[in-house]
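Open the model in your viewer and keep the sequence panel beside it. The stops below say what to select and what is there.

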Amino acid sequence: MIRIREVGPRDGFQNEPEVVPTEQKVRLIELLAAAGLKRIEATSFVRADVIPQLADGAEVLARLRVPDDVALSVLIPNERGLDNALGQRERFSEVNVFLSASETHNRKNVNRSIEESLDGLERVLARARAEGLRCEGVISVAFGCPYEGHVPPERVWAIARRLRAAGAQEIGFGDTTGMANPAQVRSFFPAAREALGGEVELTAHFHNTRGQGLANVLAALDAGVESFEASFGELGGCPVPKGATGNIATEDLVSMLHEMGLSTGVSLERLVEAARAAQAVLGRPLGSHVLTAGPVVWNDGSRT
């Protein structure tokens, strides 16, 4: 079964110009859980003055009611963020930490060097593991940086090894501004597996900035990847630089996987309902193709 983490409630909502009301966030996350998604990134614990769209993270977690088998995760930027998140410790089971694979992007995104980020995140990961939390380390611009261009894979592997050694059980590789291509992706993940060994889970996080998101998913599947992150409605993106549009749409990903005969455990119809609800809340058309065209219908009954 292909594993999908839904990141829209965090990655999507933080990039919206307006603040989505707390009760709507809770309703939408519960719709996503009802669609069968078992891993949902619900919010983050960043400074409210930096990302006011997610200032209600603790309240969202406190109000959520999802099935016991749904793993909620939160994005943690630093130890202060972890301290704040632990006030709702019983409401989530996973944490994600993040940094960039290029110095320039990391500086523009979090105002730190890569080494400064790693030093802080190693402490976060150690504390999170001690709390019994599952940990993912996300490496942004892993496939290319809009400021520096080519990102040496050896640098990505070195960062990933540090995260793994600090306690990350999963490493997510982000195509943060949509620069990856399928040939690159197809060779990237076998090299990542060789560099990191067989114990750590490898996750692909693609953006659809230049329309290559699902092509990159297919290449990653060919390379043995079984874990992906996506955002309903194609919400989200990267706050730097301009023009870095949304993540691949979860409903587009699920539709393609199902048409290929692969299992996700997700109801596409209910997922589309959740995306339509998000579209109504935001009051504008969203970018996913399945949301516009609807799921594939095989009138001869050959596919359901």
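## First stop: α6 and α7

Select helix α6 (residues 114-130) and helix α7 (residues 153-166): their axes lie 8 Å apart and the two pack at an angle of about 25 degrees. Angles under 35 degrees count as roughly parallel, so α6 is roughly parallel to α7. The crossing of these two helices, α6 and α7, is right-handed. Bear in mind throughout that this is a predicted model.

Now show the side chains where the two helices meet. On the α6 side, select I114, E115, L118, D119, E122, L125 and A126; on the α7 side, their partners are R155, I159, R162, L163 and A166. Colour this contact of α6 with α7 by class, and it has seven nonpolar and five charged residues, with no polar ones.

## Second stop: α10 and α11

Move to helix α10 (residues 250-259) and helix α11 (residues 268-282). How do their axes cross? The angle is roughly 165 degrees, and the axes come within 10 Å. Angles over 145 degrees count as roughly antiparallel, and α10 and α11 are therefore roughly antiparallel to each other. Their crossing, that of α10 and α11, is left-handed.

For the contact itself, select T250, E251, V254, S255 and H258 in α10, then L268, L271, V272 and A275 in α11, which they meet. By class, the contact of α10 with α11 has five nonpolar, three polar and one charged residues.

Select L28, which sits in helix α2 (residues 22-34). Is L28 buried or exposed? L28 has a relative accessible area of 1%, so this residue is buried. Leaving aside neighbours within four places in sequence, select what L28 is in contact with: F13, F232, A274, A277, A278 and V281. Pick A274 from that list and draw a distance between C-alpha atoms: L28 and A274 are separated by 6.3 Å, although they are 246 residues apart along the chain.

Step back to E16, in the loop between α1 (8-12) and α2. E16 is buried, with a relative accessible area of 4%. Which residues does E16 touch, not counting those up to four places away in sequence? Select Q53, L235, L282 and R284 to see them around E16.

## Last stop: cysteines

Finish with C135 and C145. C135 is buried at a relative accessible area of 1%, and C145 counts as buried at 1% relative accessibility. With a disulfide taken as a pair of cysteine sulfur atoms within 2.5 Å, the count of disulfides comes to zero.

Note on methods
Residues are numbered from 1 along each chain as its sequence is written. This is a predicted model: local features need pLDDT of at least 70, side-chain atom pairs count only at pLDDT 80 or more; totals for chains, interfaces and linings use all residues. Side-chain values use heavy atoms; hydrogens and water are left out. Axes are lines fitted to C-alpha atoms, for helices over the stretch in contact, and angles run from 0 to 180 degrees between N-to-C directions. Helices (H or I, at least four residues) and strands (E, at least two) are DSSP runs, numbered from the N terminus. Angles under 35 degrees count as roughly parallel, over 145 as roughly antiparallel, 65 to 115 as roughly perpendicular and the rest as oblique. A crossing is left-handed if the near helix is turned anticlockwise from the far one by less than a right angle, and right-handed if clockwise. Contact means heavy atoms within 4.5 Å. Ala, Val, Leu, Ile, Met, Phe, Trp, Tyr, Cys and Pro count as nonpolar, Asp, Glu, Lys and Arg as charged, and the others, Gly among them, as polar. Buried means under 20% relative accessible area, exposed over 50%, partly exposed in between (1.4 Å probe, protein chains only).
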